[in-house]
Amino acid sequence: MKIIFLGAPGAGKGTQAEIVSERLAIPTISTGAIIREAIKTGTEMGLAAKKYTEAGALVPDEVVIGIIRERLVKDDCKNGFILDGFPRTVPQAEALDAMGIVPDAVVSLEVADEAIVERMGGRRVCDKCGASYHVKYNPSAKGEVCEKCDNPLSIRRDDAPEVVKSRLTIYHESTEPLKDFYAKKGLLRLVEGQEKLEDTTALTLAALEAGK
Ligand code: AMP
């Protein structure tokens, strides 16, 4: 199954994608995680992406399209995959079309802006394995360290309140039009983000089931 997760930054795409990915035994491909890893290791792409990502801006389409093109040809994608954070613009979605990739479902996680701002303030991430937590909604079982690899958790630089505001503006301007793009293709499933993450998961799985 090929699934796309849409939603504002902090809507819970990564968390839901991770859960669905385990259930369906297909990989999650997160352009944000690939970019953060490239920044950490200092690759050429990482250096080019850094200034955009840290300012909360989108990395240019040709860069992320290149990342996806290289990633989707790998062996683990042959039975399907989940895209978390791609596409984020109409040209990116058109590039996916041009690669001949037709998603089975596009899930948009709907969360109001005010709730997003609160969620981002509580988000904690593991720089080592990429796991994501929330101090209130999805805490690490081990408190301040990652429950998977015991690495101390940190706050993403782009989760600072002023950066979050600009990321939300960019979401509404550049990414939200994708809902229309996929609704016209009959692929869009709206899922209202719930307070409890397991409730959102139940709605997400039901939405995916309904599309079969
Ligand atoms: P995320 O982890 O999905 O919130 O992504 C973190 C950051 O990576 C974003 O704020 C962008 O700077 C960059 N990024 C990730 N995916 C994309 C994309 N599809 N298009 C452009 N920039 C992206």
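**Leu-187**

I began with the contacts of Leu-187. Setting aside residues up to four places away in sequence, I found that Leu-187 touches Pro-103, Asp-104, Ala-105, Val-106 and Tyr-182. I noted that the model is a predicted one. Leu-187 sits in the loop between α8 (177-183) and β7 (188-192). Buried or exposed? I logged Leu-187 as buried, because its relative accessibility is 12%, and the cut-off for buried is under 20%. I also checked Leu-187 against Ile-4. The two are 183 residues apart along the chain, yet their C-alpha atoms are separated by 9.8 Å.

**Whole chain**

Next I stepped back to the overall fold. I counted nine helices and seven strands in the chain. What is the radius of gyration of the chain? I got 16 Å. For 212 residues a compact globule would have a value near 17 Å, so the chain agrees with that expectation. Along the principal axes, the C-alpha atoms fill a box of roughly 40 × 40 × 35 Å.

I then looked at burial and surface. Of the 212 residues, 44% are buried.

I took the contacts between residues at least 6 apart in sequence; 67% of them join residues at least 24 apart.

I have 29 positive and 33 negative charges in the chain. Their mean positions lie 2 Å apart.

**Cysteines**

How many disulfides does the chain hold? The count is zero. I wanted the reason, and checked two cysteines. The sulfur of Cys-126 has its closest cysteine sulfur in Cys-149, at 3.5 Å. A disulfide needs sulfur atoms within 2.5 Å, so the Cys-126 and Cys-149 pair is too far apart for a bond. For Cys-129, the closest cysteine sulfur is in Cys-146, at 3.8 Å, which is also too far.

I compared the accessibility of Cys-126 and Cys-129. Cys-126 counts as buried, at 3% relative accessibility. Cys-129 is partly exposed, with a relative accessible area of 40%.

**Loop between β6 and α7**

I went on to Asn-138. This residue is in the loop between β6 (132-134) and α7 (161-175). What does Asn-138 touch, leaving out residues up to four places away in sequence? I listed Thr-15, Ser-132, Tyr-133 and Leu-197.

I put Asp-150 down as partly exposed, because its relative accessibility is 46%.

I placed Ala-25 in the loop between α1 (13-24) and β2 (28-30). Ala-25 is exposed, because its relative accessible area is 65% and the cut-off for exposed is over 50%.

Cis or trans from Phe-86 to Pro-87? I found cis, with omega near -5 degrees. Pro-87 has its place in the loop between β3 (81-84) and α5 (90-98).

Methods. Residues numbered from 1 in each chain as written. Predicted model: local features only at pLDDT ≥ 70, side-chain atom pairs only at ≥ 80, totals over all residues. Heavy atoms only, no water. Helix = DSSP H or I, 4+ residues; strand = E, 2+ residues; numbered from the N terminus. Rg over C-alpha atoms; globule rule 2.2 N^0.38 Å. Buried < 20%, exposed > 50% of the residue type's maximum accessible area, 1.4 Å probe, protein only. Contact = heavy atoms within 4.5 Å. Lys, Arg positive; Asp, Glu negative; His and termini not counted. Charge placed at Lys NZ, Arg CZ, Asp CG, Glu CD.
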